[in-house]
Amino acid sequence: MNVLPVSARRLLGAAFVCSALVGLSACNSSDDPLSTAGPGNPTNPNEVVDPPPLTLLANAANPDYAKTPREFNAPACSTNAQQPRAGGGVYSVNLQSASGHTIAFSVFEPATFNCEKGNPVVLHGHGYGGAREQAPGGLLKRLVDSGAGVISIDQRGFGESGGTVRVLDPDFEGQDLLQILDWAEAKLDWLRYSSNKPVGQRQFNMVAGATGGSYGGGYQMLIHNIDPLKRLDALTPDIAWNDLRYSLNPGAPYGIKDFQPAEGHIKPVGTVKSGWALLLVAGGEAGSLGPKLQAGDPTALQSSGQDLLIRETLLRGATANRFPDGALEFFRYHSPSYWCDAETPGAQTFLQSEVVPGLAPKKPEPVDILFTQGFRDTLFNFNNAWHNFTCYRSLENSKGEKSDVRLLTHQSGHIVPLSPTAVPGLGDVLGQGAQLGLNEIEFQKPAGPFACGELDIQDAQFAFLTQKLFTTLEVAAIKATDESNAFDLLAANKGKVCLSLNDDVGQGEASANSAIWVDESNMIGQLAPATKGADIQSKVQTVQVDFTPGADPLNLLTSAATGILRYPFAPAVLPIELPAGFDTVAGIPTAVLDIAPPLDMVMNPLCNQIYSATAMSPIGLAGLEPGCDPMLFVGLGVNRNGAWRLIDDQVTAIRGFGKRHVELTGVAERLGSGESLGLLVYGYHPQYLATGSRDMLTPLVALRGNVNLPMVQDLMP
C-alpha cells in the first residue's frame, strides 16, 4: 500500500509535489514537443510570451491521487524511484467488467523505467476473431525497447475475455476499455503524466497512445470518442471503418443529415455485402467460441460468440436480401460516423427488443491520428479512411486548435485472394482465357506491399507514436538508432496524403515511385468529396455513361440469375478516353447513375407499394420484389495486355430502378504505356457472394448517367 504523506498532499505546485514525493531532482520537461505558444500580453497583443514549462512526472508522484490510497501492481517507481527494478516484464490481468464478465489483457512493461518523467503507455487491439498478444513483437517490441509500456487487450467475447461479441458497442466493449484505463492509472506506478492537457479537476493527464488494425483500429476511436478524461494522445488505426452500415450494406445515403433525394432522384437502397458478412460470421464465431470450448467452458455456446442481435441481423439479411433498418442503426452506433456525422440517429429495433443507446452523439475532441488504409481492402475500403480523415482533421478544441491528422495508404488490408490462379498450373490457362474475353472468377487478388511507396507503414506508425508520446530529446535518441526513413518522410510531408499506386500484387516491397504525396487542399473536393453526398470537381471532362441495350451484345447489362450466368464472361465495358498528360486515377470517383428497364413496360408499376410492404415486414418478402429490384456492380478497370481487370478489385453496388448520386469506391492506379481506362459493369460479383437480384422479371437493364474521375496530371518519372 502506498499512501502519500500529509505534507505532500498540501503542496500546491506540481513540480514541488513531484520533488517531495519521490526525491526527484526535476520534473519539468522543456524539450517536450507538445509545448505550445502562450498568449500575448493583453496590453500588447504582438508580444510573444513563452508558455509555462511543461511538467512530466511518473504516476507514483501524481498529485491528482493524493487523497486516494493506491496499491500498485508490480511496483517499479513507488518503492525505490532512484534505483527502479529492471523493466521488460510481461504478465496477464483479468478484471471483472461492469457487465459481469472477465476482461483479459497482457501488460508489457517498458524495457527501462523512467521514474522521473514516467513512461508512456500504448494500447494494442486485435482484429475481429483474433486475440491479444502474449509477448511483444514487431511494432510492440520496438515501442517497449524505446521506453513505452504496452497493454494488449482481448476485446469482449474474444480470447480469454467473456461476454458476447457486440462489435465495439459503446455501452459494453466501450465501458470495458475505459475500465482498463482506470485499472492502469490505479495500478501502474510508472505511467507518464503531463500537464499539457488536464481534464476537469485534474492537474495532469496520462500520456497514452493506441495501435491496431481493423477491429483493432475501431476500438481506438471508440475510446477517444467516449472517454470523458480524454486519455489517448495519439491513435494509429489501420484499415478501420467509418460506418459499419456502409461497410456491410453499401449504397444507401449514410451520414447525411435529413437526407432528401435531389429532384428526379430516388433514395438509394443498400446491398448486403454477403461475401464479407459470411467470412466475418465464421471468423467471429470461431474466435469467440473456440478458446472457451477448448478451455472446457460448458456455458460457452450460451454466453459467448456473436451477440443474438447480430445473429438475428445476419439471418434476416440472408432471408430478406437486405438488413432491417433497426439493425443498421445498431451498427451505426458502433461506428465513428455516429460521432462525426450530423445525421439524426434512428431507433435500434429488433424483432423482440429495442436497444436504447447509453450515449448521445457528440463531436469528439481533436486528437493526433495517423490513419492508414489499403486500396485493395474490399471490406473497409479507402472511402472509410477518407471520411474518418476529413472528420477528425476538421475538429477544433475550445481555443480553435486542431490536431495533427494524417492519411497514408498501402496495398494490403482485408484480403481474401480466393482465385483459381492460386491453383498450380491454372494461371497460364486463365491468362489465355482472359485474352479470349473470359472473366476470372475471383473474390480478389493477393495483397501488395504494406507500404506507401518507400514508406513502410509500421515504420510510420512507430515514428508517429514516438513523436507524440516522447519528449524531443527522447525522440532524437530513438531516431538516432532507428534505421527507417519514416521520421524524415513524415516531417517532410506534413499536410499531404500519401496515395499508393503500386499494383504489383503479391509483392512484399514497393518502389519509391509507386506512390504520390498530394496536398490535402488538392485532395479535398478534387480527388475525393469534401463531404458525404458531394461531388468531386474533376480535372477532366465528365464521362457520359450509356449502356442501353442495342446492337452490341457485349454491352448488355444483365441482372438477377442472368447476372450470375454472365459473370464468367467479360463485364460490360465503357472505354474512357483521357486527355494527354493524365495518366493516374487516384481518389474517389463520384457519379449520377440511373438504372432503367430496357422497355418501360417491364418495370412493375407497384414498386413503391412493394418497397413499403418490405420495409414493414419483420423479415421482408424473402427478397422477392418482382420487376422492382435490379442490381449492378460498377468499378473502374484498366485494359492491360489486352484484357480488362478491375482496379484494386473494387466494385460499387447499385440497386433499384431510378437515378441517384453514387460515391464509387476509391482506387489508385498509374496507367502504363498502352494501357487504357474503362468503366466495368457486372450483374453479379463474388464479393457479394450470396447477394444478387432475386427479381426474375428484370433480366436486362439499362444504365445511364455520368462519372467524375479523380485524375492526377503528369506523374510519370
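How many aromatic pairs does the structure hold? The structure holds 20 of them, where rings of Phe, Tyr and Trp (its six-membered ring) pair if their centres lie within 6.5 Å. This is a predicted model, in which local features need pLDDT of at least 70 and side-chain atom pairs count only at pLDDT 80 or more, while totals for chains, interfaces and linings use all residues. Residues are numbered from 1 along each chain as its sequence is written, and side-chain values use heavy atoms, with hydrogens and water left out.

**View 1. The ring pair of Phe330 and Phe350.** The ring centres of Phe330 and Phe350 are 5.4 Å apart and the planes stand at 85°, so the pair is edge-to-face (planes over 60 degrees apart; under 30 count as stacked and the rest as tilted). Phe330 is buried at 0% relative accessibility, and Phe350 is buried at 8% (buried means under 20% relative accessible area, exposed over 50%, partly exposed in between, with a 1.4 Å probe and protein chains only).

**View 2. The surroundings of His414.** The side chain of His414, a buried residue with a relative accessible area of 11%, makes a polar contact with the side chain of Ser214 (2.6 Å) and another with the side chain of Asp377 (2.6 Å). A polar contact is a pair of N or O atoms within 3.5 Å; within protein, one must be able to donate a hydrogen and the other to accept it, and residues adjacent in sequence count only if both atoms are side-chain atoms.

**View 3. An aromatic cluster.** Tyr128, Phe158, Tyr215, Trp241 and Phe380 together form one aromatic cluster.

Note on methods
Contact means heavy atoms within 4.5 Å. Lists of a residue's contacts leave out its neighbours within four places in sequence.
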